[in-house]
Amino acid sequence: MPKDMLGRDYETFSAPEPLENHGPARIIAMCNQKGGVGKTTSSINIAGALSQYGRKVLIVDFDPQGAATVGLGINPNTAEYTIYNLLFDASLDVHEVVQHTDFDGIDIIPANIDLSAAEVQLVTEVGREQVLAGVLRKVRDEYDAIIIDCQPSLGLLTVNALTAADGVIIPVAAEFFALRGVALLMQSIEKIQSRINPNLEVYGVLVTMYTRSLHCEEVLQRIYEAFNEKVLHSVISRSIKLPDSTVAAAPITIFMPNHKTSLEYREVSRELIAKGIIA
């Protein structure tokens, strides 16, 4: 039986059978208010791995920087419509905004810098916390997973993402400072659970940027102490190939399918399926 990074036994997750029918999707917010912890990278690569197992995935780029959009080969500045338009134009058909990528099974709702104005504009909207949920409801039955790539903030956009989501995956870099902000995020999640979305769950904590150093081992120990069974078994290693795949505008699971990091992200996707988080 294999062991996790702290030497604890766990069962392996076998490769799932592809699905013949798709939907309804499980909506997952990839969320951490600290930047640079691998939210976008993990969104793209989990989607890549899921698509290779026959799942249909929609990524919602919910960050004004548009990194997920660029990371899947789409120019955010030339997109006719983005998630910003969907938030404020109820007459716009979401299917006009969804873009198919070059990768089977992966679609994206793009974002660009226009989204930075949404935080202010949402303040005056009726039901402002639930605008994104209304948008995603229209396409939920067409996908197996909808992954919302959140911006590094706990503002109104992130509140919208957590309100729309069934659950949260929290990427945490294996470094001390990355741990400090997670407590704030957990408080925000608890507030959303108590006030707006009582069914919101924490699906898992995904450790990223791991290296075999004493510092990383100590941080990993603290993460396990804080979150216990919520920590996903597969830890994502720090790798120069991840930036390479970003430049190539492809998930690393497709760009370098046999690389160690590809295997790690596929293990994450198998775990999500084995646990029933994704069909």
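Colleague: In this predicted model, what separates Asp-244 and Lys-241 in helix α10?

Modeller: About one helical turn lies between Asp-244 and Lys-241, because the two are three residues apart in helix α10 (residues 241–247).

Colleague: Why is the contact between Asp-244 and Lys-241 called a salt bridge?

Modeller: The closest N and O atoms of Asp-244 and Lys-241 are 3.8 Å apart. The rule asks for a Lys or Arg side-chain nitrogen within 4 Å of a carboxyl oxygen of Asp or Glu, so the pair qualifies.

Colleague: What makes Asp-244 and Lys-241 partly exposed?

Modeller: Asp-244 has 31% relative accessibility and Lys-241 has 28%.

Colleague: Why is Glu-267 called buried, and why Arg-270?

Modeller: Buried means under 20%; Glu-267 stands at 11% and Arg-270 at 16%, so both count as buried.

Colleague: What makes Lys-34 and Glu-175 a salt bridge, and which parts of the chain does the pair link?

Modeller: Their closest N and O atoms are 3.9 Å apart, so the pair falls within 4 Å. The pair links distant parts of the chain, 141 residues apart: Lys-34 is in the loop between β1 (26–30) and α1 (39–52), and Glu-175 is in the loop between β6 (167–173) and α7 (176–180).

Terms used. Residues are numbered from 1 along each chain as its sequence is written. This is a predicted model: local features need pLDDT of at least 70, side-chain atom pairs count only at pLDDT 80 or more; totals for chains, interfaces and linings use all residues. Side-chain values use heavy atoms; hydrogens and water are left out. Helices (H or I, at least four residues) and strands (E, at least two) are DSSP runs, numbered from the N terminus. Buried means under 20% relative accessible area, exposed over 50%, partly exposed in between (1.4 Å probe, protein chains only).
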